[in-house]
Structures are given as structure tokens and as C-alpha cells.
Amino acid sequence: MSFFNKLFSKKKKNSDKSVFDKDSVADKSLEKSISKEVPSKEVKELIDKQTNVNLVKKAVKNKKDEIFSEPKKNNFIKKLFNKEKKESLNKGLKISSESFFSKISKAIVGKSKVDEEVLDELEEILISSDVGVKTTLKIIDRIENRVAKDKYINTNELDLILKEEITAIIKNSDEIIENFTIINDKKPHVILVVGVNGAGKTTSIGKMASYYKSLGLKVVIGAADTFRAAAIEQLEVWANRVKVDLIKQEMGSDPASVAFDTLESAIKKDADVVLIDTAGRLHNKANLMNELGKIKRVLKKKNSDTPHEVILVIDGSTGQNAFEQAKQFTKVTEITSLLVTKLDGTAKGGVVLGISDQFQIPIKFIGIGEKIEDLQIFDKKEFVDSFFKKS
Ligand SMILES: Nc1nc2c(ncn2[C@@H]2O[C@H](COP(=O)(O)OP(=O)(O)O)[C@@H](O)[C@H]2O)c(=O)[nH]1
Ligand SMILES: [Mg+2]
């Protein structure tokens, strides 16, 4: 007999006790007193049991609600975040995309199909958008092949084709997003940040610290750009703003020693991520190479796996100079990924395409403003979409 049937039959038995005439007043009051009767031990046990079952059911339901409502909430926030992210990306790349489009529109005005002349103009546009000669030629070549196959490619289709070919050229960013999570068993995850003066290293470290912190990770920053006092102070402002720990020494102290202290402190604090700022004096390549080499050696003494990443920060608004920076730094040290800054306020956003194609180093982040939230994980699809957005 099921639990409910048992309970029911017990209750029924109780009501069967009502052998009185329902219409008589005396019977009614008697019946009332019987229904108030203290339930038998067995019934009581069953009721208790049911109460327990209900409590358990309620707890399970609460837990389920908790489990199932969280992802819903997260998805909602994620969607909201993505929308915001897209909007700020569009805003950040506005100057680049507007200039790109006005040039393309001019090139195809009055033309119905993509011909030799249109391709020539397109080549110029890509070069002037700082995509770089090599990458431009690659893109033009691919479009030429398509035009050769289909002689009547309409000029309206040009931007679609261009978008496809450009996306195909940036090979690297899909994997990056998947590999983006910090590896927990390699805690702390150490990131060395390099790049020329003024590229945006310190600002980007502040933004990255905020990003990693928002993922619930514990971040420690090291001020290994000891060349100028202002550099240490600037990083301190960021550390205070983001509310993460900063490890620093006096101005002029050995950057490698600061890096060592930072890692040591991060291990003690059980931190997840270490971000190390460096000085970027490119005027003396041998010095730079020595300095970065020493920082790496010293970090390895503490933990042979480190640094897990060496991010090169390059100023995207410098066009061809950004290529030069990438070239110089890849010569002095192994770079694992790029962070391209200042893509807002420049019409040279095309630099991202060229650099990603030519150096085959994945772009991990892009900087689209000076504020803490103006850092995005580079997503090639979103980037190209935004670059091609007609306002
Ligand atoms: N507009 C804009 N400015 C940026 C961006 N990233 C950095 N900056 C600015 O570039 C300047 C140099 O940055 P800083 O972090 O000091 O460069 P560092 O010398 O490499 O450490 C500062 O004025 C920053 O506010 C960005 O993505 N967009
Ligand atoms: Mg700096």
C-alpha cells in the first residue's frame, strides 16, 4: 500500500468513527470533537513522515531553483554584457569603419561589377587602412580568384566577399577564446606584459586586472617598470582602483627582483593571476633583451613554468609603426599573444588584420578606450562585423 493510500485509509477510518446522525446538533458537536481528536500514534508518524517528505521536497525544489535559476541569470547578464560589448566595440571602431566605408563607397560609385579598377582601388583602401602590403595583397588575390570564377560579382556583394576573405585571414582568435581560462593547477598564472613606452601597458594591466578579478580570480600586480617613478605611481593608482595587491620597490631597483617578489608574494597569497608591468625602452635593444631575459630567468627560479604568457602591447593607432614594434619585440623575446590598444580614435583599425596575419601571433585583447571597461577579448568575427558596420 502506498504511503498516501495508507494515510488516506487512516483518515477514512477516523471519519468512519462518525456513526452519528449528521443532522443532529449533538452529533455535529460530537463529530467536531472527534475530528479534533489527537491522532493515533501511527497516523502521527505518517503525518510526521509526510512533513519530512515535504520538507525534503521543498529543500530539493529550492536547490533546483537555485541551480536552474543561476545559469538563467548568468545567461541574461551574459547577453546584456555581449550587447554592451558589441555596442562599445562598434563605438570604439567607429572611426576606422566609417573611413573604410566611405572609401569603399567612393570606389564603387557608379559601378555595377567588381572589375580591375575596383580591385585596384580596394588595394589602395586596404593599404591606407594599415592592413599592411602583404596582407592586402593576400586579400586582393583571394578576391581576384573569386571574381575570375564569377565575372559578374555585383559591387553590392563586394563588402560581403571582403568580409568573408578578411575573416578567413584572421585564423587565430577562435582557439584563443576557448583557451582563455586560467589553468588552475598552474596557479598562479604569470603574465609578463611588454611593449614600447606609451603603448598602453600600464593602462592595459589595470584593465586586465579588473577583468580577471571580475571572473572571481585573485590578482597580484608587479611594478617591474622601475625606470620612472611615475610609472610605479600610475600602476599604484590602477591597483587601488581595481582593489588588487601591488608589489613594488624603489624607482631604479632591479626589475627582475620586483618580478621575483611579486611571484613570491602571489604564491604566499594563493593568488590566481600575476600581471607584471615592464619598461619598454626600445632604443637599446640589447638592454631590453637583457632586462626581459633576466626577468624570465628569475621567475623560472621560483617556478620553472613561468611566465605562462608574454603579452606584447602595441599601439594600434601608430599604423605601420605597430608592425615595427611587433617585429622588434618578437626578435628580443618570445611573445605568446598581442594586446592592441587605442583602436578607438584611429582610422587605422586595419592594423589588427595585418598584424594577426603576418606575425601569426594571436591577438588576445584589444583596447578601445582609456576607461577600465575599455578592454575586450579579441573575437575576430565580432571585430570584422564591427569593422564593416555601416553607421
Ligand atoms: N584612447 C585610448 N587610450 C589608451 C588606450 N590604452 C592606453 N591609452 C592611453 O595611452 C597612454 C599611455 O598608456 P600607458 O598605459 O601609460 O602606456 P605604457 O607606457 O605602455 O605603460 C595613456 O594616456 C593611456 O590612457 C586605449 O585603448 N585607448
Ligand atoms: Mg607604463
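## The sheet

In this predicted model, eight strands form an open sheet in the order β3-β2-β4-β1-β5-β6-β7-β8, with mixed pairing. Strands are DSSP runs of E of at least two residues and helices are runs of H or I of at least four, both numbered from the N terminus; two strands pair if DSSP finds at least two bridges between them. The edges are held by β3 and β8 (375-377), each with a single partner strand, so one side of each has no neighbour in the sheet. From one strand to the next the twist averages 25 degrees. Axes here are lines fitted to C-alpha atoms, for helices over the stretch in contact, and angles between N-to-C directions run from 0 to 180 degrees.

Strands of a sheet pair through backbone hydrogen bonds, either parallel or antiparallel. β7 and β8 run antiparallel and are joined by three bridges. Phe365 has Ile377 of β8 as its bridge partner.

## Helices on the sheet

Helix α9 lies across β1 (189-194), β2 (219-224), β4 (273-278), β5, β6 (337-341), β7 and β8, and runs at about 175 degrees to β4. Contact means that the C-beta atoms of two residues, placed from the backbone, lie within 7 Å. Helix α10 also packs on the sheet, where it touches β2, β3 and β4. The direction of α10 makes about 170 degrees with that of β2.

## The shell around ligand 1

Ligand 1 is surrounded by 19 residues, the closest being Gly200, Lys201, Thr202, Thr203 and Gly367. A residue is near the ligand if its C-beta atom, placed from the backbone, lies within 6 Å of it. Helix α9 (residues 201-214) gives the most to this shell, with three residues.

By class, the shell has 11 polar, five charged and three nonpolar residues. Nonpolar means Ala, Val, Leu, Ile, Met, Phe, Trp, Tyr, Cys and Pro; charged means Asp, Glu, Lys and Arg; the others, Gly among them, count as polar.

## Backbone features in loops

The peptide bond from Thr306 to Pro307 is cis, with omega near -5 degrees. Pro307 lies in the loop between α12 (285-302) and β5 (309-315).

Lys243, in the loop between α10 (229-242) and β3 (245-247), has a positive phi near 65 degrees and is not a glycine. Lys243 is exposed, with 10 other C-beta atoms within 10 Å. A residue is exposed at 12 or fewer such atoms, buried at 20 or more, and partly exposed in between, with C-beta atoms placed from the backbone. Gln360, also not a glycine, has a positive phi of about 50 degrees. Gln360 lies in the loop between α14 (351-359) and β7 (363-367) and counts as exposed, with 9 C-beta neighbours inside 10 Å.

## Numbering and model

Residues are numbered from 1 along each chain as its sequence is written, while chains are lettered from A and ligands numbered from 1 in the order in which they are written. In this predicted model, local features need pLDDT of at least 70 and side-chain atom pairs count only at pLDDT 80 or more, whereas totals for chains, interfaces and linings use all residues.
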